[in-house]
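Welcome! Try each task before you read its solution.

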Amino acid sequence: MNAALLIASRELRDRSRLFLIAAALSVSPFLAALTIREHRQLGIASVAGFLAIAYSCSLALALGVSSIGRELTERRMSFFFAKPVSATAIWLGKAAAGLLTALGALAIIVLPTFLFAREGWKNMFMSGGGAVALNTALICLVLFFGGNVVSTMLRSRSARVVVDFFLLAIAAIAAFAIVRPILMRGGKDIAGDIIVGLCVAVLLVLAAAPAWQLTRGRIDARQNHAALSKFLWIGVAVALIGTAAFTYWVIATPPAKITQTFQFDQDPSGRWIYVSGTAPGRGEYMASHLIDTATGKHERVSGLPWGDAHLSGDGRMLVWLESAEILPRVGTSRFYMRRLEPGAKQIATPLVTRLPAHLVLSHDGSRVALATGGRVEVYELVSGRLLAAVQGIDTSVAYLLYFAGPDVVRIIEADKKDREIRHFRELDLVERKLMTTGEWTTGENRGFNRTADGSRLYSRADSTIIDARTGAALLTLPVKPTRWFYATMLDDGSSIVTRDAKLFAIDANGKVTAEVPLPVDAALVVARMGSSKVVLSAGSIVQHTQRMLIVDLATRKVETSVTGIYGPMLTGGVVPHYEEITAFAGIDASQKPMLWDSRTGTKRPLPS
Amino acid sequence: MSMNATIQAEDVTLRYGRKTAVDDISLSVDSGAVYALLGRNGSGKSSLVRCLLGQLKPDSGNAKLFGEDVWKHRTRLMERVGVVPEDPDAPPESRVKDLAWFSSKLYSRWQQSAFDRRIARFGIPPAGRFGELSKGQKKQVSLALALATSPEVLILDDPTLGLDVVARKSLFEEVLGEMADRGITVLITTHDLAPVEGIADRAGILKDGRLVLDEEVETLKARFRRIRFTSQPMVLAQSNLVAASVRQWGTGTEAVVSNYDDVAFARLQIPVAEVSPMSLEEIFIAVAGEEAGVES
């Protein structure tokens, strides 16, 4: 007979009393049921389940603590080492016997009630009893193997135990430090998988360590402790290194691996791209990169998960928030900024704030306006200095906030009683004063888009251009769109409407200046390019009818038509105005980010 | 070192932290010989035995059985070795018959009938739990288990410690019987020197972890003598006799010499001297230290 099986068999023979106790406990649920009037079967199953878990876990711990540790201190391990059995066989036999005892006791307690109170167990399993059974088995493993390790260490009475506790603390801190970057970027699912993987690895180390411990230490308690510690901590270190390597693989996701895009922005020159999204095998970890398309270089941006990074209007600054918390929870965040210049560094600003409901940058990205909790605050980013703050703003209703100049923040909020009325206010950063400058009444909340200087607003619901300061109506578009999103005011105050397979260009005075035939019935304007071109999006990317069009208003022709891609993205209140660029950022039908050539429509992947 | 050595220690040193338990010991036991390893409590006997059984790893030196490193090849070598430990180490919950069943599956030369006979002779119930047996019975079970494996080497670590006179006698009878039948090699550590004196071929004495004496028993007994002088033994200083111990004896002096020689002593012409041979126990006391005496 195999030595390990023989030892297991010998140990089990000595534990007949433990099985008798389990048999006695298996009867007690039926006795307890005598006091239950309703749901008797469920009561029996519940009592049996509780007793089985409590008894098997207690046994696992007691046997884990005594299997080696107690025999070493009571000097009985020589019984095995004086015989022709290997240390590995001794451990395997003892471990098998210990676990069989604990799990066998569990089965003995549960089995009679399972046969005679099946309905009760059925109800228990439907309410997660199966998971409880699996978890109980896992807990037994942890208690048995963990009990052995703790027992061996404490019973040796060696000063080495101080080192063990120190290393335990280091390992716990290291594990947290390894997983934290993923947690901070929204990868709770993958972090959970990593933690489970790490726990399984540590459990395997705990299970294997005693074989090494006995091979090296044999009957000497201190040598056992020394060998166990060595194996355990090397094993834990290897597991941590493996975990760190996997974490690095997740964190180092290159832009080309992103398949689900969350944010994809491009500066006006087209050179700098910010992309964030998830990649296969990385769960919900949000990979974010700033890409220099001129060089193909990219760098990681560790912003908040699901939090936007912001390109300044002049395209020279990227600003984002990173958590300032040690633990991955919503709390305070710190502003970071990076100039969009080759070789520039990411700068941690002194500005730390709670996550705002609204955040806008000044045109040059040097200032930020934050609105949250009924308060609007404006800060200088580099210094973190508060420039102005006002209370009493209702940030929970239809709302617009933007810099109307370096020293003016325009706030448009709905009336607290009549939601159709919009109040136009200005926060003067020099005077530190809030003024109400006008109001506008609209029938529907479709929001506004605005000119680059913020002087005009286009009310989408009303097809009307209004003065952004006073709310006075300036003009109504002469061509009505069939649906509200087929009309857009551009950054210079001119407008585009598409309907009936035509594009209508309308100047800032409301005069139609061009009509261009389109290959589609209507399209949405997503960007302006150069002095005379507009970029339009038509069809549905989900239904694979997506089409991007570049229309030259000067020649009144569709210059480029490309299918199966969407981008650049329309973000914020101002239609982005690009220079004559060749590579646009876009996503395909599966949301994978890529670049496409504005002249040829050729698609190419992001840098890897 | 003998080429025929079954048990060998080569410069074995073992430390527990800063304390040196076994200090650079070399010894060998030839095949079929009986070696008595003597020493006071804490002298390092059990530590040396555990090194020789591959249970403790020497900090330096080698412990060998049958010419092989016992630390490396313990599992295989233990098939040929029977052990009676100083403290009975079998699991207390185990029944005697279960211990025999366990051993029977591990040793290819297991003799169940021999085990049953011995247990019956000792009057031990086979269904009794090991932990419920008396100390003497535990030793007897350990011996029965060790001998039933048909060992080529029998290692007895203080086998009579705590046993009454009857139990000691029966234990040695079993060992003697086995030796007579099979000619096994025996290493015995003990305080009970009288029975060992009759069977040991060679003896070693450990003192503070060092092997201070390692010699054939007969040679040992031939060269040790107790000499009693009626006056101060000025003659000792003039002779080449080496005194292992010297003490007051009435108005005279008693010396134990370790290099006694009849012819040389006669030449000294000391008529008042009384010369008597010594037992192994007396030699042990003289060498290992009389002040603490020998434990029983």
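**Exercise 1. Find the handedness with which H2(A) passes H5(A).**

Step 1. H2(A) and H5(A) pass each other in a right-handed crossing; a crossing is right-handed if the near helix is turned clockwise from the far one by less than a right angle, and left-handed if anticlockwise. Helices here are DSSP runs of H or I with at least four residues, strands are E runs of at least two, and both are numbered from the N terminus.

Step 2. Now look at which residues touch. H2(A) brings Leu18(A), Phe19(A), Ala22(A), Ala23(A), Leu25(A), Ser26(A) and Pro29(A), while H5(A) answers with residues including Gly104(A), Ile108(A) and Pro112(A). Contact means that C-beta atoms, placed from the backbone, lie within 7 Å.

Step 3. Sort these contact residues by class: eleven are nonpolar, four polar and none charged. Ala, Val, Leu, Ile, Met, Phe, Trp, Tyr, Cys and Pro count as nonpolar, Asp, Glu, Lys and Arg as charged, and the others, Gly among them, as polar.

A note before going on: this is a predicted model, in which local features need pLDDT of at least 70, side-chain atom pairs count only at pLDDT 80 or more, and totals for chains, interfaces and linings use all residues. Residues are numbered from 1 along each chain as its sequence is written, with chains lettered from A and ligands numbered from 1 in the order in which they are written.

**Exercise 2. Describe where chain A touches chain B.**

Step 1. Count both sides: 18 residues of chain A are in contact with 20 residues of chain B.

Step 2. On the chain A side, helix H1 (3–14) and helix H4 (78–81) are the elements that give two or more residues. H1(A) gives the most, with four residues.

Step 3. By class, this side of chain A has eight nonpolar, two polar and eight charged residues.

**Exercise 3. Trace the six-stranded open sheet of chain B.**

Step 1. Follow the order E6-E7-E8-E3-E9-E10 in chain B; the pairing is mixed. Two strands pair if DSSP finds at least two bridges between them.

Step 2. Find the edges: strand E6 (81–84) and strand E10 (210–216) of chain B each pair on one side only.

Step 3. Zoom in on one pair. E3(B), residues 34–39, and E8(B), residues 185–189, run in the parallel sense over four bridges, and Leu37(B) stands opposite Thr189(B) in E8(B).

Conventions. Contact = placed C-beta atoms within 7 Å.
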